[in-house]
Amino acid sequence: SREYCEEKPMKRSICISGKVAVTGGTGFIGSALVSQLRNIGAQVRIIENLENSLKIEDGLLRCRYLVHLAATFSPSGTGQEDENFIITKNVLEASVRSGMSKVIIASSAAVYPAKPSIMPIPEFLGREGRPNGPYGQSKRACEDLALEYARKYDLCVVIARIFNVYGPGDASERFVPNTIRKATSGQDIYV
């Protein structure tokens with residue numbers, strides 16, 4: 001059955017029927033998403049223990065949607081490729097077993113090459129180009145895995161390549177707040 005939402009003038013209308021599970025729901029992006037979902041009346045369950053797909057499956061009970069935001073990032077890249085892949089695999093396995101309606105996988109702009117050969121960057125370059133560093137490689141592997149689960153198990157998967165996020169509570173070393181800080185203090189900005 002399809003769900004329809006009636007647009008109300010001057011207000012966004014979002015229709016969510018069913019409980020939403022969120023991995024990484026206490027992180028920077030996840031906490032903002034959880035807050036917004038709750039503001040529109042959605043029931044939200046944050047899933048934190050991602051090492052075991054059976055425990056994830058328990059967390060998905062009576063949930064209809066899953067937003068997978070959990071990931072590890074370290075500038076050195078040490079171990080994050082394996083960890084991100086294993087966590088995503090566990091999430092996808094649990095989603096298949098629990099009959100999840102839709103799984104949204106957070107990816108990253110890092111799947112695109114650091115120095116793209118084409119500007120503006122076409123979306124296909126995120127599938128064909130060399131990812132930007134270990135984090136980009138880990139997110140590309142997670143995208144590939146999610147697409148394989150979509151094909152093999154007829155799982156409805158959406159991949160969201162998230163770029164420069166910012167907002168309240170953002171750490172100053174991130175791109176946008178760091179650029180604003182430099183601009184307001186008269187420092188040079190390099191992009």
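A nonpolar core, as I use the term, is a set of buried Ala, Val, Leu, Ile, Met, Phe, Trp, Tyr and Cys residues joined through side-chain atoms within 4.5 Å, where buried means under 20% relative accessible area, with a 1.4 Å probe and protein chains only.

**Basis.** I am reading a predicted model, in which local features need pLDDT of at least 70 and side-chain atom pairs count only at pLDDT 80 or more, while totals for chains, interfaces and linings use all residues. I number residues from 1 along each chain as its sequence is written, and side-chain values use heavy atoms, with hydrogens and water left out.

**Cores.** I looked up the largest nonpolar core, and of its 20 residues, Leu-50, Leu-60, Leu-66, Leu-92 and Val-103 touch the most other members. At least two residues of this core come from each of strand 3 (63-68), helix 3 (80-98), strand 4 and helix 5 (133-153), and helix 3 gives the most, with four residues. Here helices (H or I, at least four residues) and strands (E, at least two) are DSSP runs, numbered from the N terminus. I also found a second, separate core of ten residues, and Leu-37, Tyr-65, Val-67 and Ala-106 are among them.

**Val-103.** I then listed the contacts (heavy atoms within 4.5 Å) of Val-103, leaving aside its neighbours within four places in sequence, and these are Leu-66, Leu-92, Ser-95, Leu-155, Cys-156, Val-157 and Val-158.

I traced five strands forming an open sheet in the order 2-1-3-4-5, with parallel pairing; two strands pair if DSSP finds at least two bridges between them. Strand 2 and strand 5 (157-162) stand at the edges with a single partner strand each, so one side of each has no neighbour in the sheet. From one strand to the next the twist averages 20°, taken between N-to-C directions of axes fitted to C-alpha atoms, on a scale from 0 to 180 degrees. Strand 4 (residues 102-108) runs parallel to strand 5 and is joined to strand 5 by six bridges, and I noted Ile-104 opposite Val-158 in strand 5.

**Helix 1.** I checked helix 1 (residues 28-39), whose twelve residues reach 17 Å from first C-alpha to last, close to the 16 Å expected at 1.5 Å a residue, that is, 1.5 Å times one less than the number of residues. Gly-30, Val-34 and Leu-37 are buried in helix 1, and seen down the axis the buried residues fall within an arc of 65°, so they line one face of the helix; the arc is that of the directions from the helix axis to the C-beta atoms. These buried residues pack against strand 1 (19-23) and strand 2 (44-47).

Technical notes: Buried means under 20% relative accessible area, exposed over 50%, partly exposed in between (1.4 Å probe, protein chains only).
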